[in-house]
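I opened this notebook to record what I looked up, one topic per entry.

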Amino acid sequence: MCSFVEGVLGIVLFIFNIFMGLAGITLIAIAAVIAVEFRDYAEEELFESKYLWGPVGLAIGFGFTLIWLSIFGIGGLCGKKRKMIQLYLIFLGVFMGVEIAFVTSTFTSRSELQSSAEKSIRAAIPSAYNTTDNTKTMKAIDELQKEFDCCGGYNVMDYTNRAPEFPLAVPDSCCPAQTGCTASSAYAKGCGQALLDKFEDHSTGQVAVGITFLALQVLAIGFGWYRLNKGDCENYV
């Protein structure tokens, strides 16, 4: 009976480590997609870059750590190395704190991203559109408005209500038809909110992976500790 329980727990831990490695790969992939999609807007300072690179960097580091822990855990289980498995369980326990920080950081950065984008885009609009030059900033804002179906940082009033500055014409990129755009036909959503919505689409997957793994991690620590400390089942060196 003891060998049967040990075998079942071994299989459970092995499957958990496979899932952990796949979770690490998934997080890295999601972070890469976010970096590629938002990089140009951060470079044009349409929002503070720390709200992009902070969560992305944390997710990538988190992913590589999961992959390393997966390999380390499988090696300890297959080799039946007591010290290696003990270290693995300790690392899992410590890593729980990192996971909580990761999930908290992702939620915190989302609202800060929206506020930063709203203020930065509104501030950039006068210099970008009050000129005959086709500036990089104007191109970036136009691309953002077309891609995310939004207008201005807060809304279209970032163009029409510039007191004490004179009002600016609403750019065609603010409207679905992409021509003859007016305040009444412009997108209702501001680009700060649109960026947040897009960021949430991606970050929700990251948070789901983190929370699921956290729950499985608690079970893995319990199973691993039981397997090591069940005296009559010990076969480790």
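**Entry 1**

I started with D197, which is partly exposed, with a relative accessible area of 23%. I looked up its partner and found a salt bridge between the side chains of D197 and K189, at 2.8 Å from N to O. K189 is partly exposed as well, with a relative accessible area of 35%. I noted that the model is a predicted one.

**Entry 1: the other salt bridges**

How many salt bridges does a search of the whole structure find? I got 3. Side chains of opposite charge can pair when their charged atoms come close.

I then wrote down the salt bridge between the side chains of E37 and K198, with 3.6 Å from N to O. E37 is in helix α1, which covers residues 2–43, and K198 is in helix α6, residues 191–229, so the pair ties together parts that are 161 residues apart in sequence.

Next I took R122 and D158, whose side chains meet in a salt bridge at 2.8 Å, N to O. Helix α3 (residues 82–129) holds R122 and helix α5 (residues 157–160) holds D158, so this pair ties together parts that are 36 residues apart in sequence. Is D158 buried or exposed? D158 counts as buried, because its relative accessibility is 2% and the cut-off for buried is under 20%. R122 is partly exposed, with a relative accessible area of 27%.

**Entry 2: a position in helix α1**

I looked up I34, which I placed in helix α1. At 1% relative accessibility, I34 counts as buried. I compared its place in sequence with its place in space. I34 and H202 are 168 residues apart in sequence, yet their C-alpha atoms are 7.0 Å apart in space.

**Entry 3: disulfides**

I searched the whole structure for disulfides and found 3.

C150 and C191 are joined by a disulfide, S to S 2.1 Å. The torsion about their S-S bond is about 90 degrees, so I noted the disulfide as right-handed. This pair links distant parts of the chain: C150 is in the loop between α4 (136–148) and α5, while C191 is in helix α6, 41 residues apart. I found C150 buried, at 0% relative accessibility. C191 is buried too, at 1%.

C151 and C174 form a disulfide with their sulfur atoms 2.1 Å apart. Here the torsion about the S-S bond is about 85 degrees, so this disulfide is right-handed. C151 sits in the loop between α4 and α5 and C174 in the loop between α5 and α6, and the pair links distant parts of the chain, 23 residues apart. I recorded both C151 and C174 as buried.

Which cysteine does a disulfide join to C175? I found C181, with S to S 1.8 Å. The torsion about the S-S bond of C175 and C181 is about 70 degrees, so I wrote down right-handed for this disulfide. C175 and C181 are buried.

In soluble globular proteins, nonpolar side chains tend to be buried together. I looked for such groups here. The largest nonpolar core has 40 residues, and F47, L144 and Y159 have the most contacts inside it. Which elements give two or more residues to this core? I listed α1, α2 (50–79), α3, α4 and α6. Another core lies apart from it, with 16 residues, among them L27, L69, I85 and A220.

**Entry 4: a phenylalanine in helix α2**

F72 counts as buried, because its relative accessibility is 16% and the cut-off for buried is under 20%. Which residues is F72 in contact with, leaving aside its neighbours within four places in sequence? I found M84, L87, Y88 and F91. For M84 I also wrote down the separation: F72 and M84 are 12 residues apart in sequence and 7.8 Å apart in space, C-alpha to C-alpha.

Technical notes: Residues are numbered from 1 along each chain as its sequence is written. This is a predicted model: local features need pLDDT of at least 70, side-chain atom pairs count only at pLDDT 80 or more; totals for chains, interfaces and linings use all residues. Side-chain values use heavy atoms; hydrogens and water are left out. A salt bridge is a side-chain nitrogen of Lys or Arg within 4 Å of a carboxyl oxygen of Asp or Glu. Helices (H or I, at least four residues) and strands (E, at least two) are DSSP runs, numbered from the N terminus. Buried means under 20% relative accessible area, exposed over 50%, partly exposed in between (1.4 Å probe, protein chains only). A disulfide is a pair of cysteine sulfur atoms within 2.5 Å. A nonpolar core is a set of buried Ala, Val, Leu, Ile, Met, Phe, Trp, Tyr and Cys residues joined through side-chain atoms within 4.5 Å. Contact means heavy atoms within 4.5 Å.
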